[in-house]
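These are my notebook entries on a single model, kept in the order in which I looked things up.

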Amino acid sequence: MASDSGEQLAAMPGDWERALAVVAHPDDMEYGAAAAVAEWTAEGKQVAYLMVTRGEAGIDGLEPAESARVREAEQLASAGKVGVASVEFLDHRDGVIEEGVPLRRDIAAAVRKWRPELLLTINHRETWGGTAWNTPDHRAVGRAVLDAAGDAGNRWIFPEQLESGGVGPWSGVRWVAVGGSPEPTHAVAVGDVAVERAVASLAEHRAYIAALSDEPVESYARSFTEWIAGLAAERFGGRRCVTFELYPR
Ligand SMILES: [Zn+2]
(Lines give C-alpha, C1' and ligand atoms only; values in the text may rest on other atoms or scores of the structure.)
Protein backbone atom coordinates (compact mmCIF):
# COMPACT_ATOMS: atom_id res chain seq x y z
CA MET A 1 0.00 0.00 0.00
CA ALA A 2 2.68 2.50 0.94
CA SER A 3 4.59 3.67 -2.10
CA ASP A 4 8.23 2.76 -2.25
CA SER A 5 9.45 6.23 -3.16
CA GLY A 6 12.49 7.03 -1.07
CA GLU A 7 11.11 10.12 0.62
CA GLN A 8 11.06 9.97 4.42
CA LEU A 9 7.72 10.13 6.22
CA ALA A 10 7.06 12.71 8.92
CA ALA A 11 5.99 11.64 12.41
CA MET A 12 2.23 11.79 13.03
CA PRO A 13 1.23 14.58 15.44
CA GLY A 14 0.93 13.31 19.00
CA ASP A 15 -0.52 16.35 20.77
CA TRP A 16 -4.14 15.29 20.87
CA GLU A 17 -6.44 13.43 23.24
CA ARG A 18 -9.42 12.11 21.25
CA ALA A 19 -9.63 10.38 17.88
CA LEU A 20 -12.62 9.02 16.00
CA ALA A 21 -12.12 6.41 13.29
CA VAL A 22 -14.88 6.27 10.68
CA VAL A 23 -14.62 3.36 8.26
CA ALA A 24 -16.91 1.42 5.94
CA HIS A 25 -16.62 -2.09 7.35
CA PRO A 26 -15.83 -4.19 10.39
CA ASP A 27 -12.15 -5.20 9.75
CA ASP A 28 -11.12 -1.94 8.01
CA MET A 29 -9.19 -0.70 11.05
CA GLU A 30 -7.61 -4.10 11.66
CA TYR A 31 -6.19 -4.34 8.13
CA GLY A 32 -3.45 -1.84 8.86
CA ALA A 33 -4.15 0.87 11.42
CA ALA A 34 -4.83 -1.16 14.58
CA ALA A 35 -1.18 -1.16 15.69
CA ALA A 36 -1.21 2.66 15.69
CA VAL A 37 -4.42 2.60 17.72
CA ALA A 38 -2.76 0.24 20.20
CA GLU A 39 0.16 2.67 20.59
CA TRP A 40 -2.18 5.60 21.12
CA THR A 41 -4.49 3.96 23.65
CA ALA A 42 -1.44 2.72 25.59
CA GLU A 43 -0.46 6.39 25.94
CA GLY A 44 -3.88 7.16 27.40
CA LYS A 45 -5.46 8.68 24.30
CA GLN A 46 -9.13 7.93 23.62
CA VAL A 47 -10.03 6.30 20.32
CA ALA A 48 -13.60 5.50 19.23
CA TYR A 49 -14.71 3.57 16.15
CA LEU A 50 -17.71 4.24 13.94
CA MET A 51 -18.56 1.59 11.34
CA VAL A 52 -20.69 2.86 8.47
CA THR A 53 -22.04 -0.66 7.81
CA ARG A 54 -22.22 -3.92 9.72
CA GLY A 55 -20.24 -5.71 7.01
CA GLU A 56 -23.25 -7.78 6.05
CA ALA A 57 -22.09 -8.35 2.46
CA GLY A 58 -18.62 -9.50 3.49
CA ILE A 59 -18.96 -13.28 3.72
CA ASP A 60 -20.05 -15.15 0.61
CA GLY A 61 -21.47 -18.15 2.47
CA LEU A 62 -23.48 -16.19 5.04
CA GLU A 63 -26.81 -14.46 4.59
CA PRO A 64 -26.55 -10.72 5.28
CA ALA A 65 -28.55 -10.70 8.53
CA GLU A 66 -26.43 -13.47 10.03
CA SER A 67 -23.24 -11.98 8.66
CA ALA A 68 -24.06 -8.61 10.26
CA ARG A 69 -24.60 -10.31 13.62
CA VAL A 70 -21.33 -12.24 13.42
CA ARG A 71 -19.25 -9.37 12.14
CA GLU A 72 -20.59 -6.88 14.66
CA ALA A 73 -19.54 -9.22 17.47
CA GLU A 74 -16.14 -9.79 15.86
CA GLN A 75 -15.60 -6.04 15.56
CA LEU A 76 -16.41 -5.44 19.22
CA ALA A 77 -13.95 -8.15 20.31
CA SER A 78 -11.37 -6.82 17.90
CA ALA A 79 -11.61 -3.21 19.10
CA GLY A 80 -11.29 -4.42 22.69
CA LYS A 81 -7.84 -5.88 21.90
CA VAL A 82 -6.43 -2.42 21.11
CA GLY A 83 -8.15 -0.47 23.88
CA VAL A 84 -10.85 1.27 21.83
CA ALA A 85 -13.31 3.17 24.03
CA SER A 86 -16.46 2.75 21.94
CA VAL A 87 -17.68 1.03 18.78
CA GLU A 88 -20.84 2.16 17.02
CA PHE A 89 -22.51 1.06 13.80
CA LEU A 90 -24.53 2.96 11.22
CA ASP A 91 -26.96 1.20 8.94
CA HIS A 92 -25.72 2.13 5.49
CA ARG A 93 -25.75 -0.85 3.11
CA ASP A 94 -22.52 -2.80 2.79
CA GLY A 95 -21.15 -2.75 -0.74
CA VAL A 96 -23.40 0.05 -1.98
CA ILE A 97 -22.58 2.94 0.37
CA GLU A 98 -23.50 6.19 -1.31
CA GLU A 99 -21.26 9.19 -0.92
CA GLY A 100 -23.61 12.07 -0.34
CA VAL A 101 -25.46 14.25 2.11
CA PRO A 102 -27.04 11.45 4.24
CA LEU A 103 -23.61 9.90 4.86
CA ARG A 104 -22.03 13.29 5.63
CA ARG A 105 -24.91 13.99 8.02
CA ASP A 106 -24.32 10.77 9.96
CA ILE A 107 -20.57 11.33 10.17
CA ALA A 108 -20.98 14.99 11.20
CA ALA A 109 -23.33 13.87 14.00
CA ALA A 110 -20.70 11.46 15.29
CA VAL A 111 -17.98 14.12 15.11
CA ARG A 112 -20.18 16.55 17.03
CA LYS A 113 -20.79 13.89 19.64
CA TRP A 114 -17.19 12.67 20.10
CA ARG A 115 -15.44 16.01 19.55
CA PRO A 116 -12.21 14.43 18.22
CA GLU A 117 -9.07 16.37 17.35
CA LEU A 118 -8.06 13.59 14.97
CA LEU A 119 -10.34 11.86 12.48
CA LEU A 120 -9.18 8.57 11.00
CA THR A 121 -10.43 6.75 7.95
CA ILE A 122 -9.06 4.45 5.26
CA ASN A 123 -8.04 5.03 1.72
CA HIS A 124 -10.36 7.34 -0.20
CA ARG A 125 -8.24 7.14 -3.34
CA GLU A 126 -9.04 5.12 -6.45
CA THR A 127 -6.32 2.53 -5.94
CA TRP A 128 -4.15 1.06 -3.18
CA GLY A 129 -1.20 1.88 -5.43
CA GLY A 130 -0.51 0.85 -9.02
CA THR A 131 -3.51 -0.92 -10.51
CA ALA A 132 -4.92 -2.40 -7.27
CA TRP A 133 -8.40 -0.88 -7.50
CA ASN A 134 -9.95 0.26 -4.20
CA THR A 135 -13.56 -0.53 -3.29
CA PRO A 136 -16.40 1.98 -3.80
CA ASP A 137 -17.32 1.82 -0.08
CA HIS A 138 -13.84 2.89 1.04
CA ARG A 139 -13.74 5.72 -1.49
CA ALA A 140 -17.19 6.96 -0.51
CA VAL A 141 -16.57 6.86 3.23
CA GLY A 142 -13.07 8.34 3.06
CA ARG A 143 -14.24 11.28 0.98
CA ALA A 144 -17.29 11.82 3.20
CA VAL A 145 -15.08 11.86 6.32
CA LEU A 146 -12.87 14.53 4.76
CA ASP A 147 -16.02 16.54 3.99
CA ALA A 148 -17.75 15.96 7.33
CA ALA A 149 -14.73 17.26 9.24
CA GLY A 150 -15.77 20.69 7.96
CA ASP A 151 -19.52 20.13 8.15
CA ALA A 152 -19.32 19.39 11.88
CA GLY A 153 -18.00 22.86 12.64
CA ASN A 154 -20.64 24.78 10.70
CA ARG A 155 -23.78 25.41 12.76
CA TRP A 156 -25.80 26.03 9.60
CA ILE A 157 -25.03 22.60 8.15
CA PHE A 158 -27.28 19.89 9.63
CA PRO A 159 -28.70 22.42 12.14
CA GLU A 160 -31.38 19.93 13.20
CA GLN A 161 -28.65 18.03 15.09
CA LEU A 162 -28.04 21.10 17.22
CA GLU A 163 -31.71 21.91 17.72
CA SER A 164 -32.46 18.42 19.00
CA GLY A 165 -30.05 19.15 21.83
CA GLY A 166 -27.07 17.39 23.28
CA VAL A 167 -24.47 18.37 20.69
CA GLY A 168 -22.96 21.63 19.49
CA PRO A 169 -20.94 22.40 16.38
CA TRP A 170 -17.39 21.02 16.63
CA SER A 171 -14.64 22.77 14.71
CA GLY A 172 -11.87 21.15 16.72
CA VAL A 173 -10.84 18.53 14.16
CA ARG A 174 -7.19 19.41 13.52
CA TRP A 175 -6.31 16.59 11.16
CA VAL A 176 -7.90 13.88 9.05
CA ALA A 177 -5.52 10.92 8.71
CA VAL A 178 -6.14 8.43 5.91
CA GLY A 179 -4.74 4.94 6.48
CA GLY A 180 -3.76 2.65 3.62
CA SER A 181 -3.28 5.55 1.23
CA PRO A 182 -0.96 5.04 -1.75
CA GLU A 183 0.36 8.54 -1.01
CA PRO A 184 1.31 8.49 2.68
CA THR A 185 2.90 11.56 4.24
CA HIS A 186 3.18 10.57 7.92
CA ALA A 187 3.74 7.52 10.10
CA VAL A 188 3.44 6.26 13.68
CA ALA A 189 6.18 3.97 14.97
CA VAL A 190 4.74 0.74 16.35
CA GLY A 191 6.55 -1.36 18.95
CA ASP A 192 6.39 -5.09 19.51
CA VAL A 193 3.60 -4.85 22.08
CA ALA A 194 1.39 -2.79 19.78
CA VAL A 195 2.03 -5.16 16.88
CA GLU A 196 1.06 -8.14 19.05
CA ARG A 197 -2.14 -6.40 20.07
CA ALA A 198 -2.87 -5.61 16.42
CA VAL A 199 -2.34 -9.27 15.49
CA ALA A 200 -4.83 -10.28 18.21
CA SER A 201 -7.22 -7.60 17.00
CA LEU A 202 -7.21 -8.81 13.39
CA ALA A 203 -7.48 -12.44 14.52
CA GLU A 204 -10.83 -11.65 16.16
CA HIS A 205 -12.33 -11.46 12.67
CA ARG A 206 -12.44 -15.24 12.69
CA ALA A 207 -15.44 -15.95 10.51
CA TYR A 208 -14.40 -13.32 8.00
CA ILE A 209 -10.82 -14.58 7.70
CA ALA A 210 -11.87 -18.23 7.64
CA ALA A 211 -14.07 -17.45 4.65
CA LEU A 212 -11.27 -15.88 2.63
CA SER A 213 -8.19 -17.89 3.55
CA ASP A 214 -7.26 -21.52 4.19
CA GLU A 215 -4.45 -20.38 6.47
CA PRO A 216 -5.07 -20.69 10.24
CA VAL A 217 -6.54 -17.41 11.52
CA GLU A 218 -3.70 -16.55 13.93
CA SER A 219 -0.98 -17.14 11.37
CA TYR A 220 -2.90 -15.18 8.73
CA ALA A 221 -3.34 -12.25 11.15
CA ARG A 222 0.32 -12.34 12.12
CA SER A 223 1.71 -12.44 8.60
CA PHE A 224 -0.55 -9.63 7.41
CA THR A 225 0.06 -7.36 10.41
CA GLU A 226 3.83 -7.84 10.38
CA TRP A 227 3.96 -7.32 6.62
CA ILE A 228 2.06 -4.01 6.91
CA ALA A 229 4.17 -2.84 9.86
CA GLY A 230 7.38 -3.42 7.92
CA LEU A 231 6.22 -2.03 4.60
CA ALA A 232 7.30 1.58 5.07
CA ALA A 233 10.08 1.07 7.62
CA GLU A 234 12.71 2.20 5.14
CA ARG A 235 10.92 5.52 4.87
CA PHE A 236 10.71 5.97 8.65
CA GLY A 237 14.22 5.55 9.95
CA GLY A 238 14.06 1.75 9.82
CA ARG A 239 11.24 1.62 12.38
CA ARG A 240 8.14 -0.51 11.94
CA CYS A 241 5.22 1.87 11.47
CA VAL A 242 1.67 2.54 10.32
CA THR A 243 1.40 5.14 7.57
CA PHE A 244 -1.19 7.84 6.98
CA GLU A 245 -1.88 10.53 4.43
CA LEU A 246 -2.47 13.52 6.68
CA TYR A 247 -4.84 16.38 5.92
CA PRO A 248 -4.26 19.20 8.44
CA ARG A 249 -7.20 21.55 8.88
ZN1 LIG B 1 -13.40 -2.47 3.93
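Where is the place of F158? I found F158 in the loop between α4 (136-151) and α5 (160-163), where helices (H or I, at least four residues) and strands (E, at least two) are DSSP runs, numbered from the N terminus.

Before going on, I noted that this is a predicted model, in which local features need pLDDT of at least 70 and side-chain atom pairs count only at pLDDT 80 or more, while totals for chains, interfaces and linings use all residues. I also noted that residues are numbered from 1 along each chain as its sequence is written, and that side-chain values use heavy atoms, with hydrogens and water left out.

**Entry 1, backbone angles.** I looked up phi for F158 and read a positive value of about 55 degrees, although F158 is not a glycine. Most residues other than glycine have a negative phi. F158 is buried, with a relative accessible area of 7%; buried means under 20% relative accessible area, exposed over 50%, and partly exposed in between (1.4 Å probe, protein chains only). R115 also has a positive phi, near 50 degrees, and is not a glycine. R115 lies in the loop between α3 (101-114) and β5 (118-122), and with a relative accessible area of 34% R115 is partly exposed.

I took a nonpolar core to be a set of buried Ala, Val, Leu, Ile, Met, Phe, Trp, Tyr and Cys residues joined through side-chain atoms within 4.5 Å. The largest one has 48 residues, and those with the most contacts inside it are W40, Y49, L118, L120 and F244. Apart from that core lies another, of 24 residues, among them V52, I97, V141 and V173. In soluble globular proteins, nonpolar side chains tend to be buried together.

Counting contact as heavy atoms within 4.5 Å, and leaving aside neighbours within four places in sequence, I listed the partners of F244, including M12, W40, L120, P184 and V188. E245 is found in strand β8 (residues 241-248) and is buried, with a relative accessible area of 6%. Its side chain makes a polar contact (a pair of N or O atoms within 3.5 Å; within protein, one must be able to donate a hydrogen and the other to accept it, and residues adjacent in sequence count only if both atoms are side-chain atoms) with the side chain of R125, at 2.6 Å.

S67 sits in helix α2 (residues 64-81) and counts as buried at 0% relative accessibility.
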